[in-house]
Amino acid sequence: LASLAPGKITAEAEVRLDGKTLEKMTLDGNIMLPPRSIRVDGKLLSERRHSLEFRRSGEGPLYFTVNQECYNQDRKIDNQGTDLQLKRFYWRLQPAGDDQYRRTALKSGDTLKPGDLVEVELSLNTAYDFRYLMIEDRRPAGLEPLDPISGYSTGYPGTYIETRNTATRFYIKNSGIGISSWSYRMKAETEGVFAALPATAVTLYTPGIQGNTAEFLFTIGSKP
């Protein structure tokens with residue numbers, strides 16, 4: 001919360017949840033001070049409709065924002081999304097001569113050997129022709145990208161591919177309507193059991209439109 005009227009005490013603010021006071025505070029119009037914030041204990045938010053009320057007395061307007069954070073504790077995370085439907089496929093690549101590879105679909109929980117090549121395919125189904133999207137694929141530990149260099153893709157016009165320490169991002173100018181796909185390759189490096197968190201697709205300038213893939217498990221080396 002913040003109030004803007006420099007140089008003097010401007011407002012008394014009260015935050016109420018379901019008619020009960022959460023906190024009262026005095027706000028100074030000094031713009032050099034950070035906004036005040038309060039956190040609502042999740043135990044106060046049962047599964048029903050709630051009312052959050054902001055009251056002000058004194059001088060100047062009162063500005064506020066409300067953020068909600070949710071944590072999914074489910075062991076398995078599935079695909080989600082309506083206008084943006086994102087799916088992720090993993091393929092084991094086996095040499096077939098002349099720089100060609102034979103692709104074999106991988107299932108969650110399958111075992112790789114160190115040195116195996118894996119192709120990641122991200123398939124996006126869009127209901128509209130969205131402009132300026134980002135797909136972020138969080139790579140599982142134990143696998144490293146074959147091409148760590150970021151830059152515009154010659155194979156995918158209008159797409160900038162950014163390789164980060166933990167993820168590969170695709171910045172897409174236009175999605176088109178229907179199904180489009182992007183891919184990149186990884187190499188299995190470290191033995192162990194690793195989880196690939198869901199890949200996500202979001203519109204950069206239209207908040208709230210997003211989708212995600214399911215999670216995926218890899219075993220590299222012998223199964224424990």
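**Strands, pairs and a core**

Biologist: Which strand holds leucine 22?

Modeller: Strands are DSSP runs of E with at least two residues, helices runs of H or I with at least four, both numbered from the N terminus. This is a predicted model, in which local features need pLDDT of at least 70, side-chain atom pairs count only at pLDDT 80 or more, and totals for chains, interfaces and linings use all residues. Residues 20-28 make up the strand with leucine 22, and that is S3.

Biologist: Is leucine 22 buried or partly exposed?

Modeller: Buried means under 20% relative accessible area, exposed means over 50%, and partly exposed lies in between (1.4 Å probe, protein chains only). Leucine 22 has a relative accessible area of 32%, so it counts as partly exposed.

Biologist: How many salt bridges does the whole structure hold?

Modeller: Side chains of opposite charge can pair when their charged atoms come close. A salt bridge here needs a side-chain nitrogen of Lys or Arg within 4 Å of a carboxyl oxygen of Asp or Glu. A search of the whole structure gives a count of 14.

Biologist: How many residues apart are arginine 48 and aspartate 18?

Modeller: Their side chains meet in a salt bridge, 3.2 Å from N to O. Arginine 48 is in the loop between S3 and strand S4 (52-58), and aspartate 18 is in the loop between strand S2 (9-17) and S3. The pair links distant parts of the chain, and the gap in residues is 30.

Biologist: Which residue pairs with arginine 88 in a salt bridge?

Modeller: The closest N and O atoms are 2.7 Å apart. The pair links strand S7 (residues 84-97) to strand S11 (residues 131-138), 49 residues apart.

Biologist: Which tyrosine makes a polar contact with the side chain of aspartate 137?

Modeller: A polar contact is a pair of N or O atoms within 3.5 Å; within protein, one must be able to donate a hydrogen and the other to accept it, and residues adjacent in sequence count only if both atoms are side-chain atoms. Aspartate 137 counts as buried because its relative accessibility is 0%. The two side chains come to 2.4 Å, and the partner is tyrosine 184.

Biologist: How many residues are in the largest nonpolar core?

Modeller: A nonpolar core is a set of buried Ala, Val, Leu, Ile, Met, Phe, Trp, Tyr and Cys residues joined through side-chain atoms within 4.5 Å. Tyr90, Leu112, Leu124, Ile135, Phe170 and Phe218 touch the most other members. Strands supplying at least two residues each include S7, S11 and S15. The core's count of residues is 28.

Biologist: Which strand holds arginine 169?

Modeller: Arginine 169 belongs to a network of salt bridges with Glu136, Arg138, Glu162 and Arg164. At 18% relative accessibility, arginine 169 counts as buried. Its side chain makes a polar contact with that of tyrosine 171 (3.2 Å). Residues 167-174 form its strand, S15.

Conventions:
Residues numbered from 1 in each chain as written. Heavy atoms only, no water.
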